[in-house]
Amino acid sequence: WILSYLERRGEMGGDAGGKRKDGGGGGGGDQKKRKHYIPGRGRGQFTERMRKGLKIAGFEKFKQEGIKGVLVSCDVPKEGMAQTEIVFALTDEAKVRYPQLFPAEEEKKPAADASDDIEKAMAQEKKDEEKEKENSIFSFIRTDVKGLVFVETKGDVVDPIELVQGFIAKVHECGTTKTKYAVRVHPIVATCYAGVEEIVKTCKTVIDKYLSKDMDSKTYSIVFKKRSNTDMDRMNIITKVADLVDKKHTVDLSAPDRCILIDVLTNACLVGVADNYVKMKRYNLLELTGQGAAQGKGKAA
C-alpha cells in the first residue's frame, strides 16, 4: 500500500512539475503576451508592437526649438492604445482642415504572379512603409511619464491649436468621441528645458503671439501642472509669466477667453494655448461626452 501511494505521489509530482514547466500553474507560459507594457516611470509605454506606422523620438527632443503637437493624458497602462486612437481622430480632423496634405491615393497595382520574387516584394513593402512614415504629418515623442503621450505635428501647415479646437468642438457638439482611452488633450505650441529662465523665455514668445498688446483685450488664465518634478514652484512660475502679459488683458479664473497651458514633465516644459478652456470642460473628453459624470456617480454609489 505504501509503495503504491509513493508511486502515485511521484507520478503526480512529475505531472505537476511538467505543468509548471509548460506554463500551467507557475506563470512561466508564453512571455510574448506580457511585453505590451513594461513597468517603470513610463519608459515602457511604447513597445515594438506600437512602433510600426509612425516614428517615435526620444524625450530629449522636447528641449529643441520648434516642437509643436498635442499632449494627451490617458489611463494607465493604456498609453499605446490611446496614442493610436488619438492619431486616427486627429487625422480625420486634419483631412477636413488641411486636405492639401492628403493627396488622393494611388491606384493599386495589379496582383503579382506567384512566380515573382518574394524578397523583392517584401523589400518594396518595407520601402512603402518607410515612405509612409516620412510623409505622415504626425509622429510621437516619448514623455517618460506614465499616462501621457505626445503626438508631434510636423511642418508649419498644421496648427495644433486649430486642430485640437476643431476636434473638441465636434466632440462637444455631438456628445460623442471616437476615442476610448484618451482623457484630456492639450495643444502645444512650444517646448523647452524646465528651468525658470527657459520657461519664462519660451512663454514670452507664446504670449507675444497669442496675448500681445496689439490684440483686442481678452480675459486669460495660466494653468500650471507638473509631473515627476518636485523642484518647480507653481506660484513662482505663474507670477513670472503673468508679468509678461499686457495690462489690457485681465485675469479671469472662472471663464477666461484664453488659457496659457504650462505642463512640466520631469525636466522638460511644454507650453500650449487653449480658447474657452473652462467652458469646454478643460478639454476633458470624458466630461464633454458625459462619461466623467457617469463614472463619478458609479464610484459614489
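Predicted model: local features only at pLDDT ≥ 70, side-chain atom pairs only at ≥ 80, totals over all residues.
Residues are numbered from 1 along each chain as its sequence is written, and side-chain values use heavy atoms, with hydrogens and water left out.

Step back to helix α5, residues 160-174. Helices (H or I, at least four residues) and strands (E, at least two) are DSSP runs numbered from the N terminus. At the start of α5, show Asp159: one of its side-chain oxygens comes to within 3.1 Å of the backbone nitrogen of Ile161.

Next, select Val76 and Pro77. The peptide bond between them is cis, with omega near 5°, and Pro77 sits in the loop between β2 (69-74) and α3 (79-97).

Go on to Thr266, in the loop between β8 (258-265) and β9 (268-275). Its phi is positive, near 50°, though Thr266 is not a glycine. Thr266 is buried, with a relative accessible area of 10%.

Finish at the second largest pocket. Select Gly66, Val189, Ala190, Thr202 and Thr205, the closest to its centre of the 21 lining residues. A pocket is an open set of points on a 1 Å grid over the protein atoms alone where a 1.4 Å probe fits, with protein on both sides within 12 Å along at least five of seven lines; lining residues have an atom within 4 Å of a point. Helix α6 gives the most to this lining, with 7 residues.

Key: Expected span 1.5 Å × (residues − 1). Polar contact = N/O pair within 3.5 Å; in protein donor to acceptor, adjacent residues only side chain to side chain. Buried < 20%, exposed > 50% of the residue type's maximum accessible area, 1.4 Å probe, protein only.
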